Amino acid sequence: MTRLELEAFAMGLPAVTKVIQWGESDVFKVGGKVFAISGDVSVSFKVTEIAFVALTETGIGRQAPYCAKGQWAAVDTASVTDADLTSWLATAHGLIAAKLTKKARAELGLA
């Protein structure tokens, strides 16, 4: 999946915004909270504890740089399928959206 394809998918998720931060990184947010960070060759995203173990122990992914707090994984976009990547991004979006307040979710149309 190219960086532009990844952006198109992420921006298609509900209530997503994108900013350029930390140099040239595309940072995707829901309700002002980051759920994915994309560069030219890799993407980092929020995962569950189980997914973090599965991705890092199999070598598919690694601990996302600068995201040691919580479970954040990074994968090289060229080494994973588009289906896996879109599934992981949708899950990351859902994990972060679920942490928003009920009011914020309602305002964003996520309730």
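Valine 16 has valine 30 as its bridge partner in E2. That pair belongs to E1 and E2, which run antiparallel and are joined by six bridges. Strands are DSSP runs of at least two residues, marked E; helices, marked H or I, need at least four, and both are numbered from the N terminus. Two strands count as paired if DSSP finds at least two bridges between them. Strands of a sheet pair through backbone hydrogen bonds, either parallel or antiparallel.

The model is predicted: local features need pLDDT of at least 70, side-chain atom pairs count only at pLDDT 80 or more, and totals for chains, interfaces and linings use all residues. Residues are numbered from 1 along each chain as its sequence is written, and side-chain values use heavy atoms, with hydrogens and water left out.

Follow the chain from E1 into E2. The two strands form a hairpin with three residues between them. Tryptophan 22 takes a positive phi there, near 50°. Next comes the hairpin of E2 and E3, with two residues between the strands. Glycine 31 sits in this turn and has a positive phi of about 60°. E2 and E3 run antiparallel, joined by five bridges.

Now take the whole sheet. It is open, has six strands and pairs antiparallel, in the order E1-E2-E3-E4-E6-E5. Strand E1 (16–21) and strand E5 (62–63) are the edges, and each pairs on one side only. Helix H3 (residues 82–99) packs on this sheet. H3 touches E1, E2, strand E3 (33–38), strand E4 (42–46) and E6. Contact here means heavy atoms within 4.5 Å. The direction of H3 makes about 35° with that of E4. For such angles, axes are lines fitted to C-alpha atoms, for helices over the stretch in contact, and the angle runs from 0 to 180 degrees between N-to-C directions.

At the other end of the order, E5 and strand E6 (residues 72–76) run antiparallel with two bridges. Glutamine 63 has alanine 73 as its bridge partner in E6. E4 and E6 are also antiparallel, with five bridges. In that pairing, serine 44 stands opposite alanine 74 in E6. E6 is mostly covered, with four of its five residues buried. Buried means under 20% relative accessible area, exposed means over 50%, and partly exposed lies in between (1.4 Å probe, protein chains only).

E2 is mostly covered too: six of its six residues are buried. Ser25, Val27 and Lys29 lie on one side, and Asp26, Phe28 and Val30 on the other. Aspartate 26 counts as buried because its relative accessibility is 5%. The contacts of aspartate 26 include Arg3, Glu7, Lys18 and Ser38, leaving aside residues up to four places away in sequence. With arginine 3, aspartate 26 makes a side-chain polar contact of 2.9 Å. A polar contact is a pair of N or O atoms within 3.5 Å; within protein, one must be able to donate a hydrogen and the other to accept it, and residues adjacent in sequence count only if both atoms are side-chain atoms.

A polar contact of 2.6 Å joins its side chain to that of aspartate 40. Aspartate 40 is found in the loop between E3 and E4. This residue counts as exposed because its relative accessibility is 64%. Aspartate 40 touches Arg3 and Thr77, not counting residues up to four places away in sequence.

The largest pocket holds about 380 Å³. Fifteen residues line this pocket, and the closest to its centre are Trp22, Ile37, Pro65, Tyr66 and Cys67. E3, E4 and E6 each supply at least two residues of the lining. There is also one cavity of 30 Å³ or more. Its lining includes Arg3 and Asp40, along with Met1, Leu6 and Thr77. On a 1 Å grid over the protein atoms alone, a cavity is a set of points where a 1.4 Å probe fits but cannot get out, and a pocket is an open set with protein on both sides within 12 Å along at least five of seven lines; lining residues have an atom within 4 Å of a point. Grid points are joined across faces, edges and corners, and a volume is the space filled by probe spheres set on the points.
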